[in-house]
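This report describes the architecture of a two-chain model. The sequence and structure are shown first, and the account follows.

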Amino acid sequence: MGTPAGQDLTVGFVKQEPTMPQKKVVLNFPPHLIDQPLTYRLVRDYGLIVNILRARISPNEWGRMVVALSGQGAQIEAGLNFLTETGVVVEPLAQEVKWLEERCVQCTACISPCPTHALQVDRSNLAVSFDRELCIACGLCLSVCPYRAIEMSFA
Amino acid sequence: MAKTIAEINEKIRQGKAVIYTAEEIIGVVKEKGLKQAAVEVDVVTTGTFGPMCSSGAYFNMGHTRPRIKMGGGRVTLNDIPAYAGFAAVDLFVGATAIADDDPRNKVFPGKFSYGGGHVIEDLVAGKDLRLTVSAYGTDCYPRRALDTWVRLTDLNEAVLFNMRNAYQNYNVAVNLGDRVIYTYMGVLQPRMRNANYCTAGQLSPLLNDPLYRTVGVGTRIFLGGGVGYVVSHGTQHNPGVRRTERGVPKAPAGTLSLTGDLKKMNSRWLRGASFTGYGVTLTVGVGLPIPILNEEILHFTSVSDEDLIAPVVDYSEAYPNCQPEILGEVTVAQLKSGEITVAGKKVVTAGLSSYVRAGEIALTLKNWLEAGTFLLTEPVAFLPTPDSGYAFKPLNERPWEPPPGKI
């Protein structure tokens, strides 16, 4: 199986077509692994499309990368098992940012800072909504919400 | 055909009054025309739900046995200092009060996660609050310390008293500087990367009665989910600003001072708010009913977001230095579209006042009127009008100097 060369591997907010299963995860790299080309292995060995949404890698520190993985059938799980075996700590992303609808007053203060439009406003009635799938857990909304209606959990 | 408030109240009592929200009335007037609609419509309801810092509440705590004189002492509710410069057990908590040991902006930007606004929200929500008092002790008030739980139902009076609410029009805030700034208008990105506004637009109380023809001292209103009253014009009332041909101010103008029984209010409509790097405040729900006494008043209430103009102000330089210049004017319709153009640059917008909640308030007030449970009041006195000469002035600073001969 060929590698998906030419796929967008850069930081971006590409919403994948819903033809292939997709999973968003947080990959935590222990310091000794940050010089390993693990993303390449995911692409070559497991045929995954790796969309890097956020990354923070510095020498001698735990690295953190938020990725959206797309692939055939069990390939995503197989790829994640591989990462876990090498020592990468895999966490689900979906549980990270919570929009507490009952605390939200629909003021829209969070709309303009949200880079991926996960927090959106319906312009016809100015109602706010949150699309988990689009959220990259960047946290920019946390400091702009006056009502503590958005929470980030580091479980 | 002119109507009186007494006539409208009679129709409300009989369940025959015709009531629309300030959003609905726009289409009604377009469809029926001003003349016909003025005959048919009795009341237009408005609403706003936004941060209003000059809000607060006063309480009578009841006397302890033996008595304690909180007046002149130190009092806190959930660590938030309350003003006690009154008789023995009367207190006032202001919306922006914060704990003495709150780190404030020492690590910038501060979080300001709890303050006076939250105390009011928690109290109204029925939560237990910790009351601490340290007093100096007198012959008639011997007790010196108190540390106890209190809740809303324990208090004698609990009254929301806001010296300035429902600002008629407000600035659109941008940042021309080169660093992020943290303001009461939210987080503003450098080089005008975003713009924050704060208005309920076409639903806003005073934008629907721009010349204060119906609102006045004693007007009964929706306040914090309960019933409240207009005390008078609010602080910083500034009716003489430039206006459109419809009479609507193009800059912040009129304000209202409001009061109401906190025990009948609801924490859905009184919310503590934390502005990163700035402080805490109280977000207040206010709804003003406007009796349609004549065609002119109906015309005022048919104002739409396209007709409402707000000034764009730089909060990196002009605002902090109290300079009057503005960067331009935009309509509320443009602000609500999500993007405005300022000095040729496209800027994304976000709101601080909830239009969804404003609509819910206008609708609630409409329901109360339709059910006949809420009657209109005749104002006892009117607010200072645009031609009154009443104006808002800056502080004339006269620096103190030590008296001669004393070092």
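## Strand pairing and helix packing

In chain A of this predicted model, strand β1(A) and strand β4 (residues 89-92) of chain A form an antiparallel pair over four bridges; helices (H or I, at least four residues) and strands (E, at least two) are DSSP runs numbered from the N terminus, and two strands pair if DSSP finds at least two bridges between them. Within this pair, A:Asn28 stands opposite A:Val89 of β4(A). Strand β1 (residues 22-29) of chain A also pairs with strand β3 (residues 63-70) of chain A, in the antiparallel sense and over eight bridges. There, A:Lys24 has A:Ala68 of β3(A) as its bridge partner. In general, the strands of a sheet pair through backbone hydrogen bonds, either parallel or antiparallel.

Residues are numbered from 1 along each chain as its sequence is written, and chains are lettered from A and ligands numbered from 1 in the order in which they are written. Because the model is predicted, local features need pLDDT of at least 70 and side-chain atom pairs count only at pLDDT 80 or more, while totals for chains, interfaces and linings use all residues.

| Strand pair | Sense | Bridges |
|---|---|---|
| β1(A) and β3(A) | antiparallel | eight |
| β1(A) and β4(A) | antiparallel | four |
| β2(B) and β21(B) | antiparallel | three |

Chain A has two helices and eight strands, in the order β-α-β-β-α-β-β-β-β-β from the N terminus on. The axes of helix α1 (residues 38-46) and helix α2 (residues 75-86) of chain A come within 10 Å and cross at roughly 140°; axes are lines fitted to C-alpha atoms, for helices over the stretch in contact, and angles run from 0 to 180 degrees between N-to-C directions. The contact involves A:Leu38, A:Arg41, A:Leu42 and A:Tyr46 of α1(A), and A:Gln75, A:Ala78, A:Gly79, A:Phe82, A:Leu83 and A:Thr86 of α2(A). Two residues are in contact if their C-beta atoms, placed from the backbone, lie within 7 Å.

Chain A is divided into domain 1 (22-92) and domain 2 (97-152), with bounds from an automatic or database domain assignment. The C-alpha centres of these two domains lie 27 Å apart. Of the 155 residues in chain A, 35% are buried, that is, 20 or more other C-beta atoms, placed from the backbone, lie within 10 Å of their own.

In chain B, an open sheet of three strands has the order β1-β2-β21 with mixed pairing. Its edge strands, β1 (19-21) and β21 (289-291) of chain B, each pair on one side only. Strand β2 (residues 43-45) of chain B contributes B:Thr45, whose bridge partner in β21(B) is B:Pro289. Helix α2 (residues 24-32) of chain B lies across β1 and β2 of chain B and runs at about 115° to β1(B).

Helix α4 (residues 116-124) of chain B is mostly covered, with nine of its nine residues buried; among them are B:His118, B:Glu121 and B:Asp122. Just after α4(B), B:Gly126 takes a positive phi of about 85°.

Between the chains, 25 residues of chain B are in contact with 16 residues of chain A. Elements giving two or more residues to the chain B side include β19 (270-275), β25 (345-351) and α7 (355-371) of chain B.

Methods. A residue is buried if 20 or more other C-beta atoms lie within 10 Å of its own, exposed if 12 or fewer, and partly exposed in between; C-beta atoms are placed from the backbone.
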